[in-house]
Amino acid sequence: MKRSGEKVIEYGLAFSGLVTILTTIGIIWVLISESWGFFREVSLADFLFDTEWTPLFTQKRYGILPLLSGTFLTTIIAIFTAVPVGIIIAVYLSEYAHKNFRQTVKPILEILAAVPTVVYGFFALTVVTPFLQSFIPGVGSFNALSAGIVMGIMIIPVISSLSEDALYSVPKSLREASYGMGATKFQTSFKVVVPAASSGILVSIILGIARAIGETMVVAIAAGQQPTLTLDPREAVETITAYIVQVSLGDVEHGSMEYKTIFAAGITLFFFTFLLNNVSFWIKKKYQEKYE
Amino acid sequence: MSNIQRNRNIDTAFKYVGIGCTFFGIVMLLIFIGNILVDGLTRIDWDFLTNLPSRRASKAGILTAWTGTAWILGLTAIIAIPMGVAAGIYLQEYGKKNRLAHIIELNIANLAGVPSIIYGLLGLEIFVRVMRLGGSLLAGALTLALLILPIIIVATREAIKAVPNSLREASYGMGATKWQTIWYQVLPAASGGILTGIILALSRAVGETAPLIVIGALAYVPFVADSPMDEFTVLPIQIFNWVSRPQQEFLVNGAAAIIILLIITFAMNGIAVYLRNRWQKKVSW
């Protein structure tokens, strides 16, 4: 009697685990089935190579390139902001800083990660954009630069904390050998420890990129909602995520072309983040426990 | 200048660059909070908390927004906590070596990297349309529950992993079954860690905007919800709506609402950190 009860509980628990698998299947099924309808009306070639994205106008064009360029432009700006700062913080905290300093600073940096993204959007729009306008001519009130920089600040903790873990786990003997040769701390950090931890640092950067590509509210608020094919960071751009938000704010009827476009945009976004995540798993698996 | 001297100078210089970068994040945070306080603090009063939304900025309040956030928080907790903890127990205590557990584990790692807006698309199709829940509180809570499930599962596993085996063995030695051992020994011992994870996950849910916009939460809701099937808005969406308007008065409203939102998220994070510290100190296996 007792034994059968135990089995019921075990199945109940396993079912809860299965929900996560159903979620994944659900996501893939939903994205594929709805964008299937989209691709029956728009050829893949148009989707990939047309240079205009105007599904909400009367003259409808369905080229994803402007949304992709917007996404990549803001992501690149974010990465150029976050990577140098994040890695320097990681090296400083792991190699230079006193233990107490490390323990006080880490939770404060974690606060940066806990702030809701809509708040970062407000920050980009009302503080960073006016600041940039004060010394860079031609910066619009919506622009890729401001959104990218703020997104960068937002992902600094992702990069610094993962990189620091990687640096910290490099065995002491390597550092001691380097000091024994007369190297300074700086030389030891950047010629011995950082190369030894490079796979972990790379993983942190890839996850940072994935985070920036999928980020929504900062770009929806500060980067604008005009799909323009441009690489000028002073201009307004629209990212994939911002487009989905823009359409969702209106009344979208199920089955309409607008409804299908957000799933086509969604599957494109999912493709990139899925790719980046799995590259990071692969790197982690391949280079893990090199020193043990 | 000799080589040695130069290398030492580089070393010292980097030290200051390091301190500078570390404080860059903190200074940004301060500027940021200071700026919001200056903009919004004077706007917060009792009327702001108890007024319905309005087209006139000076009359608009956040009553429907914060009650919506409270609803979403409660419903999401009811759905996500049992499921997340159960899945965590299964993976850690039952399925250590079996194939299903391995697949679930890989899958969770992948889900954690899916952008939140994609969950919105999932919720829109499955909960709003197929299950016909519409843009209701329930549809929003189900969507957010799926979003935070991986966080709760991982936290539960970590907390259970930290419980030493001797506790389980003592319980088995007394003739307890596996589930009795888990329910009476392992879970109480791991409760601090699990609770910390749950609170952090819920604080993430409170701050989410994009998935709720996608499932059709409204920006303008002129009544307080009284059932899970009602339409709703939440604080982040109200903020987004105000911030997207060109008028300065609405930006001020946005800043004021941000202060309330930040108080909620910081309080939740603070409680989580406090619990984590207390739990780590108290337990010494």
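The pLDDT is the predictor's confidence in each residue, on a scale from 0 to 100. In the present predicted model, chain A averages a pLDDT of 90, with 98% of the residues scoring at least 70. For chain B the mean pLDDT is 89, and 98% of its residues reach 70 or more. The complex as a whole is assigned an ipTM of 0.91 and a pTM of 0.92 by the predictor.

In chain A, the UniProt record, an unreviewed entry, lists the feature "domain: ABC transmembrane type-1" at residues 68–280. Residues 66–272 of chain B are 78% helix and 0% strand, with 21 Å between the end C-alpha atoms.

The contact between the two chains draws on 68 residues from chain A and 69 residues from chain B. On the side of chain A that touches chain B, the largest share is contributed by helix H1 (residues 2–41) of chain A, which supplies 19 residues. By class, this side of chain A comprises 43 nonpolar, 20 polar and five charged residues.

Helix packing within chain A was then considered for one pair. Helix H11 (residues 240–249) of chain A packs against helix H12 (residues 257–287) of chain A at an angle of about 155°, and the axes of the two helices are 9 Å apart. Because angles over 145 degrees count as roughly antiparallel, H11(A) and H12(A) are therefore assigned to that class relative to each other. The crossing of H11(A) and H12(A) is left-handed. From H11(A), the residues in contact are A:Ile240, A:Thr241, A:Tyr243, A:Ile244, A:Val247 and A:Ser248. These meet A:Glu258, A:Thr261, A:Ile262, A:Ala265, A:Gly266, A:Thr268 and A:Leu269 of H12(A). By class, the contact of H11(A) with H12(A) has seven nonpolar, five polar and one charged residues.

Definitions and conventions: Residues numbered from 1 in each chain as written. Chains lettered and ligands numbered in written order. Predicted model: local features only at pLDDT ≥ 70, side-chain atom pairs only at ≥ 80, totals over all residues. Helix = DSSP H or I, 4+ residues; strand = E, 2+ residues; numbered from the N terminus. Contact = placed C-beta atoms within 7 Å. Nonpolar A, V, L, I, M, F, W, Y, C, P; charged D, E, K, R; others polar. Axes fitted to C-alpha atoms, helices over the stretch in contact; angles between N-to-C directions. Parallel < 35°, antiparallel > 145°, perpendicular 65-115°, else oblique. Left-handed = near helix turned anticlockwise from the far one by under 90°. UniProt positions renumbered as here; feature names shortened; annotations may be inferred.
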